[in-house]
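This report describes selected features of the structure shown below.

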Amino acid sequence: MTGQVRRLAAGGRIDRSRPVSFRFDGRTYTGHAGDTLASALLANGVTLVGRSFKYHRPRGIYSAGVEEPNALVTLRGEGRHEPNVPATRVELFDGLEAQSQNRWPSLRHDAMSVVGRFPKLFAAGFYYKTFMGPTRRAWMVYEHFIRKAAGMGDPTSAPDPDRYEKAHAFCNLLVVGAGPAGLAAAIAAGRSGLRVILVEDDAEPGGSLLARRDRPATDWLQSALAELASLPTVRVMTRTSAFGAYDGMTFGLLERVADHVAVPPPFQPRQRYWRVRAERAILATGMIERPIVFADNDLPGVMLASAAQSYANRFAVLPGRRVVVFTNNDSAYSAAEDLRAAGAEVSVVDVRPGLPEALRLRMSRAGIALHPASAVGRANGTRAIASVDIVPFDAARPAPARVRTRLRCDLLAVSGGWTPTLHLLAQRGCKPVYDADQAMLVAGALPEGFAVAGGAAGRATLAACIESGMAAALAAAEACGGAPAAQGRAPAGRLPDERADAAITPVWTIPAPLGRRGGKMFVDLQHDVGADDIALAYREGYASVEHLKRYTTLGMANDQGKTSNLNALGILAGLSGRTIAEVGTTTFRPPFRPVAVGALAGPETGLHFRPIRRSPMHDWHQEHGAELTTTGLWLRPWYFPQPGESRRDACARETAAVRRTVGLTDVSSLGKIDVQGPDAAEFLNRVYVNGFSKLPVGRARYGVMLRPDGIVLDDGTTSRISEHHYFMTTTTANAGKVMAQLEFLLQAAWPDLRVQVTSVTSQWAGMAVSGPMSRDLLGRVVTGIDLSDGGLPFMGVAHGHAGDIPVRVLRVSFSGERAYEVYAPAGYGMALWQMFCDRGADLGLTVYGVEALGALRIEKGHVAGSELEGRTTLADLGLARMASGVKPFLGGALAKRQGLADPERPQLVGLELADGAGTLRAGAILCDPTARYRKRFADGSPVLSEQAPAPAAAVFTAANGSGHMGHGIGFVSSVTWSPELQRNIALGFISGGASRIGSEVDAAFPLYGELTKVRVTAPHFVDPEGERLHG
Amino acid sequence: MLRLACPYCGERDYVEFLYGGDASGPMPELADDDIDRWTDFVFFRDNPKGEHAEFWQHLHGCRQWLRVVRDTVTHRVASVRPARDEVPAEDEKRVEVA
């Protein structure tokens, strides 16, 4: 351990009384509370922290903020492992574990860095060129290698042990950024009584003020924070990023609740995703410094000037002992002075000629050498910067020049100007406009409700920032109807005079010096995109900035080009002879900085992913060992295995009971809708394809309803309870859709009908008693109903009691056996179910689940959710006879569309294995065996058999090379093992329908490479005449 | 991220609502078996840039179907009315102009 060799003896905002131990790449270091991982690494003299994305070049710490392109690390381990975190935004805590990324075997000796010697192979668009040999196969070979070599940190598959939360908040005014402008705005709005949320990404408010050491600035910050704390309506949220601005003044915020500690405190989440709705928003998001591009500008030790200043002033770290400051504007001069004051030897290289006397005087007073009209042409060094080559420079006529002098240094602090952070505005569709005087993009016409203040509005001085924050807040207060601000004055404190002495001279790149092979000039450090890549892309025709971005991937890394975008625009403008305004900008989209998917998911994972609906008898099913399955949101018993039974065994036993004695199953999940009112009969007559107006009281009818477009929506039985009262059942899957359609029709289409519909699905427990002995069992349980065939015929409905429990009994059947559906108020469901179980034991009563339910209905050819899947018509389902010819019904007009009447449409049939061999699978594609092809040419194109139709895309190719063309002639919808028939059977749809009964077709299942011969049959496998219904 | 002022329940977040599509034309009479008119109603939905009348159901609230006039560019909601009400003349005009 070498110790904190670069730590300054005094100053900074770190807590020197609290040393903090952390590990980086397995070595232990010490920092202080208040450090970031980046500042602590620099304090320990660690400058090499990562390898670059494509070329594996050594990289160091480049910034001190959210814009960091280079110093990405992987944090923690196991389930808390988190890749691609900028070290500049990691607060140091005791025990922090961090790893560098994209290096092997070690950061210092990286095997892949050899890639950097062949940059031509990886030039712009290399994905589309280098590895795309004559065939697609080339990419297949290279892809694996490239994906492994190019990259960021690795993810983990270990489960995250931490919780994530979602929260909502409302405010009059959202202020994004707690720098001087944001603080001033929050204070002014708070004084007016506005409910304010002030959001700051950093761990503490202050913004750029945290990086200053001059008393007026730090005094102002102190008094502002004191006043802020006294304002009751202002909520300050630190460690929180506003990453997205959405419609309706909605903002996405990510609060890093516990990222700055090893493990979240008890009952605290790691992160919290906030959705904030604001009346108005002030963006005080500041500016981000941008670099100037020159040869080998990515060496560790090259850093933004403001970052170097921040490390010295805020973190008490001297990032270099011999510093060269390279700039084209005045802002870097205060960085130079602060680094000099901290003890570094400093020279300033400024591209501008004829610098004003005031600046020269400041530099000579500070003991700083000044090189005007000069530029850094190249950085020299292997794993860290050792010197820079200085060339004479004329911004009006930039041209390669001979190196004038070489300056030794261990830090190059570079400033190419500033870029206001306008991402949130851009997300709302606000196009930035180029301000040539300040060489920056500023906000264009603002969306309603938004204001910009401070650096984000192009304000350069502290006084101007504070003033613009106040002004924006006063305007917001007026718009929100707040009390007139008590005072528009800034908190106490004399502000420094910071007027610029000389204007910025925009410079994007410095030509490589003459006399030596040029190094790489990086524009986007994170994606390794250089100035030459932009030039190449431009030569190849990618002149539009949006195309350039996608072709070179510039600005598409997870820093979203925060330091590189404007330089790229400047370079493209230069290449094309346009202005930056003409070149335009790319579009920013949320999120401003990476957001973990876990935070967006919040607590809605695992069991909480979606709601679960349970039947009133759910506990009984669980107690009796049911295997459960989901149908829509419902958790239903799948089968009730006895010890040692497989699913097929259990299903066979359960169905056998229904066919031979009596079974009991839970149908509570069926949709149940109460339809009441004088016009109920007319309403049902309109929504069902078959007639309902003549249904007598005490009888039920099977009905099918269509969507307005003529496709079948759902089926079910509806019974007439009394003159104006009907009880409708729907399938489990379509219950919600049916209810919404009925409500739409009654409210929007036919408001004159006097009908009310109410979902009563949760109010009724339902159970089906099925089998030849079902009436015997029912007679033991239910009183007050004449169960004789005369008293309660098939499709009859009656009310009675089971003990004290009121019950509704429908004689309907889904299994083809004599059966009854018995409904009771949900709270009595369990008691009724238990009565059936108790009194049916000696009859051989067997409970059955949805597996047996499915087998029974497929044996009978009854359609269910798999057949009513939103594409099938009445005719497809073999139900055309049901449509009434005498009354109009919803969907009737469009059901007559030509395409729906096409006799070639697939129609419902039964299917079974032709040879008893192979596998029947739901979803298999049915193919005409005469369209089969058998082999392929060497290039993979199929040779067709002679009878085959013209080639289309192959639907399927089996392992032996044979396969099918086209889209098939149908598909398999439902499959079961039939215990009754002792073989696999299926329902499906096939073109030609009944005319194909007896023929054989191929069932292709491309996913598993299966081709199975199946025979087409009628869809009724068991008791086609329906005699058992009355048995 | 819309908020709709349900006339029965008050202002609510869009997550409580179900989108029901274009509300600019009335459903044809049931007895009308003209396929073109039904095709117009079911398939040819207006998709204007600007104000658009559309159905929303307050699914997780009063379950009422509503007729909402919304600007498809700005998401500004001009009106929210029960779908069972007569379409006000000014709404008709606004949507036609758009």
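Helix 4 (residues 180-191) and helix 5 (residues 215-230) of chain A pack at an angle of about 35°, with their axes 10 Å apart. Axes are lines fitted to C-alpha atoms, for helices over the stretch in contact, and angles run from 0 to 180 degrees between N-to-C directions. Helices (H or I, at least four residues) and strands (E, at least two) are DSSP runs, numbered from the N terminus.

From helix 4 of chain A, A:Leu183, A:Ala186 and A:Ile187 meet A:Ala224, A:Glu227 and A:Leu228 of helix 5 of chain A. By class, this contact of helix 4 with helix 5 of chain A has five nonpolar, no polar and one charged residues. Ala, Val, Leu, Ile, Met, Phe, Trp, Tyr, Cys and Pro count as nonpolar, Asp, Glu, Lys and Arg as charged, and the others, Gly among them, as polar. Two residues are in contact if their C-beta atoms, placed from the backbone, lie within 7 Å.

## Basis of the description

Local features of this predicted model need pLDDT of at least 70, side-chain atom pairs count only at pLDDT 80 or more, and totals for chains, interfaces and linings use all residues. Residues are numbered from 1 along each chain as its sequence is written, while chains are lettered from A and ligands numbered from 1 in the order in which they are written.

## Chain A as a whole

The secondary structure of chain A comes to 23 helices and 53 strands. Its C-alpha atoms fill a box of roughly 115 × 75 × 55 Å along the principal axes. Of the 1031 residues in chain A, 51% are buried; a residue is buried if 20 or more other C-beta atoms lie within 10 Å of its own, exposed if 12 or fewer, and partly exposed in between, with C-beta atoms placed from the backbone. Among contacts in chain A between residues at least 6 apart in sequence, 67% join residues at least 24 apart.

Helix 11 (residues 531-539) of chain A has A:Ala531, A:Asp533, A:Ile534, A:Ala537 and A:Tyr538 buried. These residues lie on the same side of helix 11 of chain A because they cover an arc of only 160° around the axis, the arc being that of the directions from the helix axis to the C-beta atoms. They pack against strand 27 (522-524), strand 28 (529-530), helix 12 (545-552) and helix 13 (565-576) of chain A.

A:Gly541, with a positive phi near 105°, follows helix 11 of chain A. In the loop between strand 27 and strand 28 of chain A lies A:Asp528, a residue other than glycine whose phi is positive, near 55°. A:Asp528 counts as buried, with 27 C-beta neighbours inside 10 Å.

## Other backbone features

A:Ala373 is not a glycine, yet its phi is positive at about 50°. A:Ala373 is placed in the loop between strand 18 (369-371) and strand 19 (374-381) of chain A, and counts as partly exposed, with 15 C-beta neighbours inside 10 Å.

A:Pro590 and A:Pro591 are joined by a cis peptide bond, with omega about 0°. A:Pro591 is found in the loop between helix 14 (580-583) and helix 15 (597-601) of chain A.
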